[in-house]
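Q: Could you take a close look at the charged side chains with me? I'd like to begin with one residue and see how the pairing works elsewhere.
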Amino acid sequence: MKADKYLQELTKRIESSKVRKEIMREYQDHIEDCKEALMESGMSEEEAEKEAVRQMGDPVEAGAALDLVHRPRMAWGWIALIGGLYGAGYILLNLLQSNFSKGNFIAGDHVKWMLIGFAVLIGVCYLDYSRIGRWAREITVAAFIVVFVGMFIFGQQINGALGWITLPILSLSLNIRLCIFLFVPLYAAIVYRYHGQGYLAVGKSLLWMLPGLCIALRVTSVLTVLMLFLIYLLILSFAVVKEWFKVSRTKTLLSLWGGTVLLSGIGYLKLFLFGPEYQRMRVANMLQLESGGESYQLRLLKGILEGCRWIGSGEGKMVVKSADRIMEGMDYGLMYITACYGILVSVLVIGMLTALFICFMGMSVGQRNRLGSIIGFGCTAAFLVQLLFYVMMNTGILPSSSVYCPFLTYGGTGVLVTNTLIGLLLSIYRYQDVLLESETESICVY
(Lines give C-alpha, C1' and ligand atoms only; values in the text may rest on other atoms or scores of the structure.)
Protein backbone atom coordinates (compact mmCIF):
# COMPACT_ATOMS: atom_id res chain seq x y z
CA MET A 1 0.00 0.00 0.00
CA LYS A 2 1.26 3.48 -0.88
CA ALA A 3 1.89 5.97 1.90
CA ASP A 4 -0.75 8.44 0.72
CA LYS A 5 -3.37 5.68 0.54
CA TYR A 6 -2.42 4.47 4.01
CA LEU A 7 -2.69 7.96 5.50
CA GLN A 8 -6.05 8.46 3.83
CA GLU A 9 -7.42 5.22 5.30
CA LEU A 10 -5.95 6.03 8.71
CA THR A 11 -7.17 9.61 9.08
CA LYS A 12 -10.70 9.20 7.77
CA ARG A 13 -11.48 7.17 10.92
CA ILE A 14 -10.54 10.16 13.10
CA GLU A 15 -13.42 12.47 13.91
CA SER A 16 -11.58 15.65 14.91
CA SER A 17 -10.16 17.63 11.99
CA LYS A 18 -7.47 19.16 14.23
CA VAL A 19 -6.24 15.78 15.39
CA ARG A 20 -6.50 14.45 11.86
CA LYS A 21 -3.98 16.99 10.55
CA GLU A 22 -1.53 16.44 13.38
CA ILE A 23 -1.68 12.65 13.15
CA MET A 24 -1.26 12.71 9.38
CA ARG A 25 1.85 14.87 9.80
CA GLU A 26 3.23 12.63 12.55
CA TYR A 27 2.60 9.36 10.69
CA GLN A 28 3.98 10.83 7.49
CA ASP A 29 7.21 11.72 9.29
CA HIS A 30 7.43 8.21 10.77
CA ILE A 31 6.95 6.61 7.37
CA GLU A 32 9.59 8.87 5.79
CA ASP A 33 12.10 8.12 8.55
CA CYS A 34 11.49 4.38 8.27
CA LYS A 35 11.64 4.57 4.48
CA GLU A 36 15.03 6.32 4.52
CA ALA A 37 16.44 3.77 6.98
CA LEU A 38 15.28 0.89 4.78
CA MET A 39 16.73 2.51 1.65
CA GLU A 40 20.09 2.83 3.41
CA SER A 41 19.97 -0.91 4.08
CA GLY A 42 19.72 -1.60 0.34
CA MET A 43 16.00 -1.53 -0.53
CA SER A 44 14.67 0.36 -3.50
CA GLU A 45 12.50 3.41 -2.87
CA GLU A 46 9.28 1.59 -3.80
CA GLU A 47 10.09 -1.46 -1.69
CA ALA A 48 11.15 0.70 1.25
CA GLU A 49 7.89 2.65 1.12
CA LYS A 50 5.77 -0.51 1.07
CA GLU A 51 7.72 -2.01 3.96
CA ALA A 52 7.53 1.21 5.99
CA VAL A 53 3.77 1.34 5.48
CA ARG A 54 3.42 -2.34 6.45
CA GLN A 55 5.28 -1.73 9.71
CA MET A 56 2.79 1.01 10.64
CA GLY A 57 0.07 -1.63 11.11
CA ASP A 58 -3.50 -1.85 9.86
CA PRO A 59 -4.75 1.68 9.06
CA VAL A 60 -8.37 0.95 10.00
CA GLU A 61 -7.52 -0.42 13.44
CA ALA A 62 -4.90 2.27 14.10
CA GLY A 63 -7.28 5.07 13.03
CA ALA A 64 -10.10 3.74 15.22
CA ALA A 65 -7.77 3.46 18.23
CA LEU A 66 -6.43 6.99 17.73
CA ASP A 67 -9.97 8.33 17.42
CA LEU A 68 -10.89 6.85 20.81
CA VAL A 69 -7.84 8.42 22.44
CA HIS A 70 -8.17 11.88 20.89
CA ARG A 71 -11.94 12.26 20.79
CA PRO A 72 -13.35 15.31 22.66
CA ARG A 73 -14.65 14.39 26.12
CA MET A 74 -17.71 16.19 27.43
CA ALA A 75 -17.42 16.87 31.16
CA TRP A 76 -20.98 15.94 32.09
CA GLY A 77 -19.92 15.05 35.62
CA TRP A 78 -18.49 18.52 36.18
CA ILE A 79 -21.56 20.13 34.63
CA ALA A 80 -23.80 18.16 36.99
CA LEU A 81 -21.66 19.25 39.95
CA ILE A 82 -21.88 22.91 38.91
CA GLY A 83 -25.66 22.57 38.58
CA GLY A 84 -25.80 21.04 42.06
CA LEU A 85 -23.80 23.94 43.51
CA TYR A 86 -26.15 26.48 41.96
CA GLY A 87 -29.11 24.55 43.34
CA ALA A 88 -27.57 24.40 46.81
CA GLY A 89 -26.81 28.12 46.66
CA TYR A 90 -30.40 28.89 45.73
CA ILE A 91 -31.73 26.81 48.63
CA LEU A 92 -29.31 28.58 50.98
CA LEU A 93 -30.51 31.99 49.78
CA ASN A 94 -34.10 31.00 50.46
CA LEU A 95 -33.20 29.78 53.94
CA LEU A 96 -31.45 33.05 54.70
CA GLN A 97 -34.46 34.95 53.44
CA SER A 98 -36.73 33.07 55.81
CA ASN A 99 -34.42 33.92 58.72
CA PHE A 100 -33.62 37.55 58.05
CA SER A 101 -35.99 39.21 55.62
CA LYS A 102 -39.69 39.65 55.17
CA GLY A 103 -39.14 41.20 51.77
CA ASN A 104 -37.77 39.91 48.48
CA PHE A 105 -34.31 38.83 49.56
CA ILE A 106 -33.70 36.88 46.36
CA ALA A 107 -34.04 38.65 43.04
CA GLY A 108 -37.13 37.45 41.22
CA ASP A 109 -35.24 36.62 38.03
CA HIS A 110 -32.46 34.68 39.77
CA VAL A 111 -33.71 31.32 38.47
CA LYS A 112 -33.95 32.75 34.96
CA TRP A 113 -30.32 33.87 35.08
CA MET A 114 -29.21 30.52 36.44
CA LEU A 115 -30.81 28.78 33.45
CA ILE A 116 -29.36 31.28 30.99
CA GLY A 117 -25.96 30.97 32.64
CA PHE A 118 -26.14 27.19 32.42
CA ALA A 119 -26.82 27.44 28.69
CA VAL A 120 -23.82 29.79 28.38
CA LEU A 121 -21.63 27.31 30.28
CA ILE A 122 -22.48 24.42 27.97
CA GLY A 123 -22.15 26.61 24.87
CA VAL A 124 -18.69 27.86 25.85
CA CYS A 125 -17.68 24.30 26.72
CA TYR A 126 -18.35 23.26 23.12
CA LEU A 127 -16.29 26.15 21.70
CA ASP A 128 -12.69 25.72 20.62
CA TYR A 129 -10.80 27.68 23.27
CA SER A 130 -7.59 27.67 21.17
CA ARG A 131 -9.06 30.46 19.05
CA ILE A 132 -8.60 32.76 22.03
CA GLY A 133 -4.88 32.14 21.73
CA ARG A 134 -4.82 33.19 18.09
CA TRP A 135 -6.96 36.32 18.48
CA ALA A 136 -6.43 37.33 22.12
CA ARG A 137 -4.84 40.71 21.40
CA GLU A 138 -7.41 41.68 18.80
CA ILE A 139 -10.29 40.58 21.04
CA THR A 140 -8.80 42.51 23.99
CA VAL A 141 -8.53 45.73 22.00
CA ALA A 142 -12.03 45.32 20.57
CA ALA A 143 -13.52 44.54 24.01
CA PHE A 144 -11.76 47.54 25.54
CA ILE A 145 -13.16 49.87 22.89
CA VAL A 146 -16.67 48.42 23.14
CA VAL A 147 -16.78 48.64 26.94
CA PHE A 148 -15.24 52.11 27.08
CA VAL A 149 -17.60 53.51 24.45
CA GLY A 150 -20.50 51.69 26.10
CA MET A 151 -19.71 53.35 29.44
CA PHE A 152 -19.91 56.80 27.87
CA ILE A 153 -23.09 56.13 25.89
CA PHE A 154 -25.02 53.68 28.08
CA GLY A 155 -23.20 54.05 31.42
CA GLN A 156 -25.32 54.33 34.54
CA GLN A 157 -24.03 55.92 37.74
CA ILE A 158 -25.08 54.62 41.15
CA ASN A 159 -24.04 56.62 44.21
CA GLY A 160 -21.70 58.66 42.02
CA ALA A 161 -19.87 55.60 40.64
CA LEU A 162 -20.09 54.42 37.04
CA GLY A 163 -20.72 50.71 37.57
CA TRP A 164 -23.35 49.63 35.06
CA ILE A 165 -24.03 49.61 31.32
CA THR A 166 -27.76 49.69 30.59
CA LEU A 167 -29.07 48.63 27.18
CA PRO A 168 -32.70 49.86 27.03
CA ILE A 169 -33.48 48.01 23.79
CA LEU A 170 -32.60 44.65 25.37
CA SER A 171 -33.84 45.66 28.85
CA LEU A 172 -30.45 44.50 30.09
CA SER A 173 -28.04 45.95 32.66
CA LEU A 174 -24.46 44.67 32.94
CA ASN A 175 -22.23 45.12 35.98
CA ILE A 176 -18.97 46.48 34.58
CA ARG A 177 -16.95 45.47 37.64
CA LEU A 178 -17.82 41.84 36.97
CA CYS A 179 -17.51 41.98 33.18
CA ILE A 180 -13.89 43.11 33.64
CA PHE A 181 -12.96 39.58 34.76
CA LEU A 182 -13.60 38.36 31.20
CA PHE A 183 -10.31 40.07 30.33
CA VAL A 184 -8.50 37.46 32.46
CA PRO A 185 -8.48 34.53 29.98
CA LEU A 186 -7.62 36.99 27.19
CA TYR A 187 -4.62 38.25 29.16
CA ALA A 188 -3.52 34.67 29.89
CA ALA A 189 -3.63 33.86 26.16
CA ILE A 190 -1.58 36.99 25.38
CA VAL A 191 1.10 35.99 27.89
CA TYR A 192 1.20 32.53 26.29
CA ARG A 193 1.84 34.05 22.87
CA TYR A 194 5.09 35.58 24.14
CA HIS A 195 6.64 32.35 25.40
CA GLY A 196 10.15 31.67 24.20
CA GLN A 197 11.10 35.36 24.32
CA GLY A 198 13.06 37.45 26.82
CA TYR A 199 12.67 40.46 29.08
CA LEU A 200 11.03 42.53 26.35
CA ALA A 201 8.17 40.01 26.27
CA VAL A 202 7.73 40.38 30.03
CA GLY A 203 7.51 44.13 29.55
CA LYS A 204 4.92 43.71 26.80
CA SER A 205 2.92 41.41 29.07
CA LEU A 206 2.89 44.13 31.72
CA LEU A 207 1.60 46.65 29.20
CA TRP A 208 -1.24 44.32 28.19
CA MET A 209 -2.56 44.65 31.75
CA LEU A 210 -3.62 48.21 30.96
CA PRO A 211 -6.89 47.64 29.03
CA GLY A 212 -8.62 45.82 31.89
CA LEU A 213 -7.05 47.99 34.60
CA CYS A 214 -8.04 51.21 32.81
CA ILE A 215 -11.69 50.12 32.79
CA ALA A 216 -11.47 49.14 36.46
CA LEU A 217 -10.04 52.58 37.27
CA ARG A 218 -12.79 54.22 35.24
CA VAL A 219 -15.48 52.62 37.41
CA THR A 220 -13.56 53.85 40.48
CA SER A 221 -13.53 50.47 42.21
CA VAL A 222 -10.28 50.18 44.16
CA LEU A 223 -10.92 46.57 45.18
CA THR A 224 -11.65 45.58 41.57
CA VAL A 225 -8.37 47.17 40.47
CA LEU A 226 -6.48 45.31 43.21
CA MET A 227 -8.16 42.00 42.40
CA LEU A 228 -7.57 42.26 38.66
CA PHE A 229 -3.95 43.35 39.06
CA LEU A 230 -3.29 40.50 41.50
CA ILE A 231 -4.78 37.98 39.04
CA TYR A 232 -2.70 39.39 36.19
CA LEU A 233 0.43 39.23 38.32
CA LEU A 234 -0.28 35.61 39.25
CA ILE A 235 -0.72 34.68 35.57
CA LEU A 236 2.53 36.36 34.57
CA SER A 237 4.34 34.77 37.52
CA PHE A 238 2.96 31.37 36.49
CA ALA A 239 4.53 31.77 33.05
CA VAL A 240 7.84 32.86 34.61
CA VAL A 241 7.87 29.92 37.03
CA LYS A 242 7.18 27.56 34.12
CA GLU A 243 10.24 29.12 32.40
CA TRP A 244 8.30 30.12 29.31
CA PHE A 245 10.42 33.27 29.03
CA LYS A 246 14.15 33.33 28.47
CA VAL A 247 14.77 35.28 31.67
CA SER A 248 16.12 34.70 35.15
CA ARG A 249 13.21 33.25 37.06
CA THR A 250 14.29 34.49 40.50
CA LYS A 251 15.21 38.01 39.40
CA THR A 252 12.04 38.42 37.37
CA LEU A 253 9.74 37.27 40.17
CA LEU A 254 11.51 39.49 42.69
CA SER A 255 11.21 42.43 40.30
CA LEU A 256 7.51 41.84 39.65
CA TRP A 257 6.39 41.39 43.25
CA GLY A 258 9.00 43.57 44.92
CA GLY A 259 8.36 46.36 42.44
CA THR A 260 4.62 46.12 43.07
CA VAL A 261 5.06 46.41 46.85
CA LEU A 262 7.57 49.26 46.50
CA LEU A 263 5.46 51.31 44.08
CA SER A 264 2.36 50.78 46.23
CA GLY A 265 4.20 51.96 49.32
CA ILE A 266 5.54 55.04 47.54
CA GLY A 267 2.06 55.86 46.24
CA TYR A 268 0.44 55.65 49.68
CA LEU A 269 3.28 57.59 51.30
CA LYS A 270 3.01 60.34 48.70
CA LEU A 271 -0.75 60.51 49.17
CA PHE A 272 -0.67 60.88 52.96
CA LEU A 273 2.28 63.29 53.00
CA PHE A 274 1.61 65.48 49.99
CA GLY A 275 -1.84 64.54 48.67
CA PRO A 276 -4.86 66.84 48.87
CA GLU A 277 -7.16 66.58 51.86
CA TYR A 278 -10.13 65.17 49.92
CA GLN A 279 -8.04 62.23 48.66
CA ARG A 280 -6.87 61.40 52.18
CA MET A 281 -10.46 61.53 53.38
CA ARG A 282 -11.51 59.24 50.56
CA VAL A 283 -8.86 56.68 51.52
CA ALA A 284 -9.90 56.92 55.18
CA ASN A 285 -13.50 56.29 54.14
CA MET A 286 -12.43 53.32 52.03
CA LEU A 287 -10.59 51.91 55.05
CA GLN A 288 -13.73 52.51 57.14
CA LEU A 289 -12.01 54.96 59.49
CA GLU A 290 -13.66 57.90 61.20
CA SER A 291 -12.33 60.60 63.48
CA GLY A 292 -13.21 58.46 66.47
CA GLY A 293 -11.64 55.26 65.10
CA GLU A 294 -13.58 52.48 63.37
CA SER A 295 -16.63 53.29 61.28
CA TYR A 296 -20.13 52.30 62.37
CA GLN A 297 -20.33 49.65 59.66
CA LEU A 298 -17.07 48.01 60.71
CA ARG A 299 -18.07 48.06 64.38
CA LEU A 300 -21.41 46.52 63.45
CA LEU A 301 -19.74 43.76 61.45
CA LYS A 302 -17.36 42.92 64.27
CA GLY A 303 -20.25 42.92 66.74
CA ILE A 304 -22.16 40.42 64.62
CA LEU A 305 -19.17 38.11 64.26
CA GLU A 306 -18.35 38.30 67.98
CA GLY A 307 -21.89 37.19 68.78
CA CYS A 308 -21.73 34.09 66.56
CA ARG A 309 -21.37 30.53 67.83
CA TRP A 310 -19.42 27.63 66.39
CA ILE A 311 -22.63 25.70 65.70
CA GLY A 312 -26.10 27.21 65.45
CA SER A 313 -27.33 30.77 65.76
CA GLY A 314 -26.20 33.09 68.50
CA GLU A 315 -26.45 36.73 69.47
CA GLY A 316 -25.04 37.71 66.11
CA LYS A 317 -28.32 36.76 64.47
CA MET A 318 -30.22 39.16 66.68
CA VAL A 319 -27.72 41.93 65.87
CA VAL A 320 -28.33 41.36 62.16
CA LYS A 321 -32.09 41.52 62.61
CA SER A 322 -31.98 44.62 64.79
CA ALA A 323 -29.58 46.43 62.47
CA ASP A 324 -31.49 45.41 59.35
CA ARG A 325 -28.25 45.09 57.40
CA ILE A 326 -29.47 42.71 54.72
CA MET A 327 -27.88 43.95 51.51
CA GLU A 328 -28.86 43.37 47.91
CA GLY A 329 -26.60 40.89 46.16
CA MET A 330 -25.52 38.92 49.23
CA ASP A 331 -22.33 40.97 49.68
CA TYR A 332 -22.34 39.85 53.32
CA GLY A 333 -23.71 36.38 52.68
CA LEU A 334 -20.93 34.66 54.62
CA MET A 335 -21.70 36.84 57.63
CA TYR A 336 -25.40 35.90 57.40
CA ILE A 337 -24.54 32.21 57.21
CA THR A 338 -22.27 32.53 60.24
CA ALA A 339 -24.89 34.41 62.25
CA CYS A 340 -27.65 31.93 61.41
CA TYR A 341 -25.92 28.54 61.31
CA GLY A 342 -22.56 28.99 63.02
CA ILE A 343 -18.89 29.43 62.22
CA LEU A 344 -18.34 25.78 61.27
CA VAL A 345 -20.99 25.93 58.55
CA SER A 346 -19.31 29.00 57.04
CA VAL A 347 -15.94 27.28 57.17
CA LEU A 348 -17.47 24.24 55.47
CA VAL A 349 -19.02 26.34 52.69
CA ILE A 350 -15.81 28.25 52.01
CA GLY A 351 -13.79 25.04 52.26
CA MET A 352 -15.95 23.34 49.63
CA LEU A 353 -15.63 26.26 47.22
CA THR A 354 -11.88 26.46 47.82
CA ALA A 355 -11.51 22.72 47.19
CA LEU A 356 -13.49 23.03 43.94
CA PHE A 357 -11.33 25.89 42.65
CA ILE A 358 -8.10 24.18 43.69
CA CYS A 359 -9.28 21.07 41.85
CA PHE A 360 -9.87 23.22 38.77
CA MET A 361 -6.41 24.70 39.29
CA GLY A 362 -4.78 21.28 39.42
CA MET A 363 -6.67 20.17 36.32
CA SER A 364 -5.45 23.28 34.47
CA VAL A 365 -1.81 23.19 35.56
CA GLY A 366 -1.58 19.53 34.59
CA GLN A 367 -2.59 20.18 30.97
CA ARG A 368 -0.07 19.17 28.32
CA ASN A 369 -1.22 22.04 26.13
CA ARG A 370 0.40 25.22 27.43
CA LEU A 371 -2.33 27.50 26.13
CA GLY A 372 -4.99 25.49 27.96
CA SER A 373 -2.79 25.39 31.05
CA ILE A 374 -2.36 29.16 31.40
CA ILE A 375 -5.96 30.04 30.45
CA GLY A 376 -7.23 27.53 32.99
CA PHE A 377 -4.81 28.86 35.60
CA GLY A 378 -6.06 32.40 34.96
CA CYS A 379 -9.73 31.43 35.30
CA THR A 380 -9.19 29.55 38.55
CA ALA A 381 -6.96 32.33 39.89
CA ALA A 382 -9.86 34.73 39.28
CA PHE A 383 -12.21 32.50 41.31
CA LEU A 384 -9.74 32.08 44.17
CA VAL A 385 -8.99 35.81 44.36
CA GLN A 386 -12.71 36.62 44.33
CA LEU A 387 -13.28 34.12 47.11
CA LEU A 388 -10.34 35.47 49.14
CA PHE A 389 -11.52 39.08 48.90
CA TYR A 390 -15.10 38.04 49.70
CA VAL A 391 -14.00 36.30 52.90
CA MET A 392 -11.76 39.21 53.89
CA MET A 393 -14.58 41.70 53.38
CA ASN A 394 -17.06 39.59 55.36
CA THR A 395 -14.63 39.29 58.26
CA GLY A 396 -13.85 43.02 58.35
CA ILE A 397 -10.27 42.75 57.05
CA LEU A 398 -11.15 44.67 53.89
CA PRO A 399 -13.42 47.72 53.64
CA SER A 400 -17.06 47.42 52.66
CA SER A 401 -17.54 46.98 48.93
CA SER A 402 -19.41 44.89 46.39
CA VAL A 403 -17.45 41.65 45.91
CA TYR A 404 -18.97 38.77 43.96
CA CYS A 405 -18.50 35.22 45.20
CA PRO A 406 -19.30 32.41 42.71
CA PHE A 407 -22.28 30.25 43.72
CA LEU A 408 -22.81 32.18 46.97
CA THR A 409 -24.00 35.54 45.67
CA TYR A 410 -26.50 36.21 42.92
CA GLY A 411 -26.91 38.57 40.00
CA GLY A 412 -27.30 38.14 36.26
CA THR A 413 -23.88 39.51 35.27
CA GLY A 414 -22.08 37.50 37.93
CA VAL A 415 -23.72 34.26 36.83
CA LEU A 416 -22.89 34.91 33.16
CA VAL A 417 -19.25 35.82 33.86
CA THR A 418 -18.74 32.90 36.26
CA ASN A 419 -20.27 30.40 33.84
CA THR A 420 -18.24 31.77 30.95
CA LEU A 421 -15.01 31.17 32.88
CA ILE A 422 -16.16 27.72 34.02
CA GLY A 423 -17.17 26.95 30.43
CA LEU A 424 -13.62 27.76 29.33
CA LEU A 425 -12.24 25.44 32.01
CA LEU A 426 -14.50 22.63 30.80
CA SER A 427 -13.59 23.40 27.17
CA ILE A 428 -9.93 22.93 28.11
CA TYR A 429 -10.85 19.62 29.73
CA ARG A 430 -12.96 18.61 26.73
CA TYR A 431 -10.21 19.23 24.18
CA GLN A 432 -7.19 18.24 26.27
CA ASP A 433 -6.51 15.25 24.00
CA VAL A 434 -7.53 17.02 20.81
CA LEU A 435 -5.77 20.35 20.54
CA LEU A 436 -2.22 19.19 19.90
CA GLU A 437 0.08 22.15 20.28
CA SER A 438 2.41 23.06 17.45
CA GLU A 439 5.38 24.94 18.85
CA THR A 440 6.30 26.53 15.54
CA GLU A 441 2.89 28.12 15.22
CA SER A 442 2.53 29.35 18.81
CA ILE A 443 5.53 31.67 19.18
CA CYS A 444 4.73 35.34 18.76
CA VAL A 445 7.03 37.12 16.28
CA TYR A 446 6.09 40.72 17.04
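What does Arg249 count as, judged by its relative accessibility?

A: Happy to! Arg249 counts as partly exposed, since its relative accessibility is 38%. Here buried means under 20% relative accessible area, exposed means over 50%, and partly exposed is in between, using a 1.4 Å probe and protein chains only. Please keep in mind that this is a predicted model, in which local features need pLDDT of at least 70, side-chain atom pairs count only at pLDDT 80 or more, and totals for chains, interfaces and linings use all residues. Residues are numbered from 1 along each chain as its sequence is written, and side-chain values use heavy atoms, leaving out hydrogens and water.

The partner of Arg249 is Glu243: the two form a salt bridge with their closest N and O atoms 3.8 Å apart. A salt bridge here is a side-chain nitrogen of Lys or Arg within 4 Å of a carboxyl oxygen of Asp or Glu. Glu243, at 54% relative accessibility, counts as exposed.

In the whole structure, the search finds five salt bridges. Another of them joins the side chains of Glu51 and Arg54, with an N to O distance of 2.6 Å. These two are three residues apart in helix α3, so about one helical turn separates them. Helices are DSSP runs of H or I with at least four residues, numbered from the N terminus. Glu51 counts as buried at 18% relative accessibility, whereas Arg54 counts as exposed at 55%.

Helix α3 (residues 45-55) also contributes Glu49 to a pair that links distant parts of the chain, with Lys35 in helix α2, 14 residues apart. Lys35 and Glu49 are linked with Glu45 in a network of salt bridges.

Helix α2 (residues 17-40) holds Glu36 as well. Glu36 belongs to a negative surface patch, together with Glu26, Asp29, Glu32, Asp33 and Glu40. Patch residues have over 30% relative accessible area and no salt bridge, with like charges joined within 9 Å; Asp and Glu count as negative, and their charges are placed at CG of Asp or CD of Glu. Areas come from the Shrake-Rupley method with a 1.4 Å probe. With a relative accessible area of 45%, Glu36 is partly exposed.

How values were computed
Patches are made of residues with over 30% relative accessible area and no salt bridge: like charges are joined within 9 Å, nonpolar side chains (Val, Leu, Ile, Met, Phe, Trp, Tyr) within 5 Å.
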